[in-house]
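Me: I am new to this structure and would like to go through it by question and answer. Please show it first.

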Amino acid sequence: MTLSSGGTESSGVSTTSVLDPFYPLYLHPSDTPATMLVFVPFTSTEFGDWKEGMLISLSVKNKIQLIDGSLIERTTNSHLYPYWQRCNYMIKAWIMNSLSKDIAKTILYYKTAREAWNNVERYGVANIS
């Protein structure tokens, strides 16, 4: 069940609509957009180290599903949409905070954290020219 606390309706939706802390869309009160997930921002070198650090941090926060595509974007009429949107923006902010300013600008206007992540992953592709 994704929602808990208070009285639970037959649809599985809680009357207080509090997400289960183990659900990927749950954000802890201490999660902030300014959180740094890696020690050194990515500046276009050592992509593998940066990516591994980000994957570890996102895994610990139970957020990998939003960048690997296993948790799909919610539709605007879903009761989970506000949670999805908030979590998506939080992850996008975490990614941007882990990048140099020049690289962060390249993902600013992507709609989803997954799109932003995929754009940054192009730095990990070897240039064989």
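Me: How many salt bridges does the count come to?
Reply: The model is a predicted one. Here a salt bridge requires a side-chain nitrogen of Lys or Arg within 4 Å of a carboxyl oxygen of Asp or Glu. By this rule, the count is three.

Me: With which residue does K61 form a salt bridge?
Reply: Side chains of opposite charge can pair when their charged atoms come close. For K61, the closest N and O atoms of the pair are 2.7 Å apart, and the partner is D31. The pair links distant parts of the chain, as K61 is in the loop between α1 and α2 while its partner is in the loop between β2 and α1, 30 residues apart. The residue asked for is D31.

Me: Is D31 buried or exposed?
Reply: A residue counts as buried when its relative accessible area is under 20%. K61 has a relative accessible area of 24% and is therefore partly exposed. D31 has a relative accessible area of 11%, so D31 is buried.

Me: How many residues apart are E121 and K51?
Reply: E121 forms a salt bridge with K51, and their closest N and O atoms are 2.7 Å apart. E121 is in the segment after α5, whereas K51 is in helix α1, so the pair links distant parts of the chain. E121 is partly exposed at a relative accessible area of 25%, and K51 is partly exposed at 26%.

Me: Which parts of the chain does the pair of K111 and E73 tie together?
Reply: K111 forms a salt bridge with E73, with the closest N and O atoms 3.1 Å apart. The two residues are 38 residues apart in sequence, so the pair ties together separate parts: for K111 the loop between α4 and α5, and for E73 the loop between α2 and α3.

Me: Why are the buried residues of α1 on the same side?
Reply: In α1, the residues F47, W50, M54, S57 and L58 are buried. An α-helix has 3.6 residues a turn, so residues three or four places apart point the same way. On the other side of α1, D49 and V60 are exposed.

Me: Which helices do the buried residues of α1 pack against?
Reply: The end C-alpha atoms of α1 are 20 Å apart, in agreement with the span its 14 residues should have at 1.5 Å a residue. The buried residues of this helix pack against α2, α3 and α5.

Me: What covers the buried residues of α3?
Reply: Helix α3 has 17 residues and reaches 24 Å from its first C-alpha to its last, close to the expected 24 Å. Its buried residues include Y81, W84, M90 and W94. What covers the buried residues of α3 includes α1, α2, α4 and α5.

Me: Which backbone oxygen does the side chain of S98 reach?
Reply: S98 is located in the loop between α3 and α4. S98 is buried, with a relative accessible area of 0%. Leaving aside neighbours within four places in sequence, S98 is in contact with V38, P41, F42, W50 and M54. At 2.7 Å, the side chain of S98 reaches the backbone oxygen of I95.

Terms used:
Residues are numbered from 1 along each chain as its sequence is written. This is a predicted model: local features need pLDDT of at least 70, side-chain atom pairs count only at pLDDT 80 or more; totals for chains, interfaces and linings use all residues. Side-chain values use heavy atoms; hydrogens and water are left out. Helices (H or I, at least four residues) and strands (E, at least two) are DSSP runs, numbered from the N terminus. The expected span of a helix is 1.5 Å times one less than its number of residues. Buried means under 20% relative accessible area, exposed over 50%, partly exposed in between (1.4 Å probe, protein chains only). Contact means heavy atoms within 4.5 Å. A polar contact is a pair of N or O atoms within 3.5 Å; within protein, one must be able to donate a hydrogen and the other to accept it, and residues adjacent in sequence count only if both atoms are side-chain atoms.
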